[in-house]
Amino acid sequence: MPSVVKINVLTVPAEQREVLEQRFASRAGAVEGSDGFEWFELLRPLEGTDQYLVYTRWRSEEDFQNWMNGSMRAAHQGGGEGGGERPKPAASGSTLWSFEVVQQAAPKG
């Protein structure tokens, strides 16, 4: 069964880039223990766009959906630190792309 890749395209205004990156850094470990999780990368744009890419790879669509409906949903529904108000989102827009891995390669050696 081929892996499934999910890419969340986040539109992030320049003044929110540091906030977004800090939030992702502070969530370290939040997805890594999920069943079927294979890989995560946060990709910062270098030129010509204000869109960050959040790349995750999963063993199956079912594993991704289980994470979305379980620990990811719970983490995003809670309040802010100390149970207070949730912080304002750093991204002004979000689109989810889905792919199936049909070919891959690793460095030789």
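1. Basis of the note. The structure is a predicted model, in which local features need pLDDT of at least 70, side-chain atom pairs count only at pLDDT 80 or more, and totals for chains, interfaces and linings use all residues. Residues are numbered from 1 along each chain as its sequence is written, and side-chain values use heavy atoms, with hydrogens and water left out.

2. Overall fold. The chain has two helices and four strands, arranged along the sequence in the pattern β-α-β-β-α-β. Helices (H or I, at least four residues) and strands (E, at least two) are DSSP runs, numbered from the N terminus. Of the contacts in the chain with a separation of 6 or more, 68% are accounted for by residues 24 or more positions apart; contact means heavy atoms within 4.5 Å.

3. Surface and burial. The chain has an accessible surface of about 7700 Å², and 52% of this belongs to carbon and sulfur atoms. Accessible areas come from the Shrake-Rupley method with a 1.4 Å probe, and for residues only the protein chains shown count as cover. Among the 109 residues of the chain, 27% count as buried. Buried means under 20% relative accessible area, exposed over 50%, and partly exposed in between (1.4 Å probe, protein chains only).

4. Strand β1. Seven of the eight residues of strand β1 (residues 4–11) are buried. This strand pairs in the antiparallel sense with strand β3 (residues 51–58) over eight bridges, and Val4 stands opposite Trp58 in β3. Strand β1 also pairs in the antiparallel sense with strand β4 (residues 93–100), over eight bridges; here the bridge partner of Val5 is Phe99 in β4. Two strands are said to pair if DSSP finds at least two bridges between them.

5. Nonpolar core. Leu10, Val12, Leu20, Tyr52, Val54 and Ala90 make up the largest nonpolar core, which has six residues. Such a core is a set of buried Ala, Val, Leu, Ile, Met, Phe, Trp, Tyr and Cys residues joined through side-chain atoms within 4.5 Å. Neighbours within four places in sequence aside, Leu20 is in contact with Leu10, Val12, Leu42, Tyr52 and Ala90.

6. A search of the whole structure finds five aromatic pairs. Rings of Phe, Tyr and Trp (its six-membered ring) pair if their centres lie within 6.5 Å; planes under 30 degrees apart count as stacked, over 60 as edge-to-face and the rest as tilted. One of the pairs is that of Phe24 and Phe40, which is stacked, at 6.0 Å centre to centre with 20° between the planes. This pair links distant parts of the chain, since Phe24 lies in helix α1 (residues 17–26) and Phe40 in strand β2 (residues 37–43), 16 residues apart. Phe40 is partly exposed, with a relative accessible area of 23%. Arg27 lies over the face of Phe40, at 4.5 Å from the ring centre; a charge sits over a ring if NZ of Lys or CZ of Arg is within 6 Å of the ring centre and within 35 degrees of the ring normal.

7. Phe64 and Trp67 both lie in helix α2 (residues 61–77), three residues apart, or about one turn of the helix. Their ring centres are 6.1 Å apart and their planes stand at 45°, so the pair is tilted. Phe64 is buried, with a relative accessible area of 4%, and Trp67 is buried, with a value of 17%. Phe37, Trp58, Phe64 and Trp67 form one aromatic cluster.

8. Phe99 is placed in strand β4 and is partly exposed, with a relative accessible area of 44%. Phe99 and Ser3 are 96 residues apart in sequence and 8.7 Å apart in space, C-alpha to C-alpha. Beyond its neighbours within four places in sequence, Phe99 is in contact with Ser3, Val4, Val5 and Ile7. Leu96 is also found in strand β4, and Leu96 is partly exposed, with a relative accessible area of 44%. Leu96 and Asn8 are 88 residues apart in sequence and 4.5 Å apart in space, C-alpha to C-alpha. Not counting residues up to four places away in sequence, Leu96 touches Lys6, Ile7, Asn8 and Phe64.
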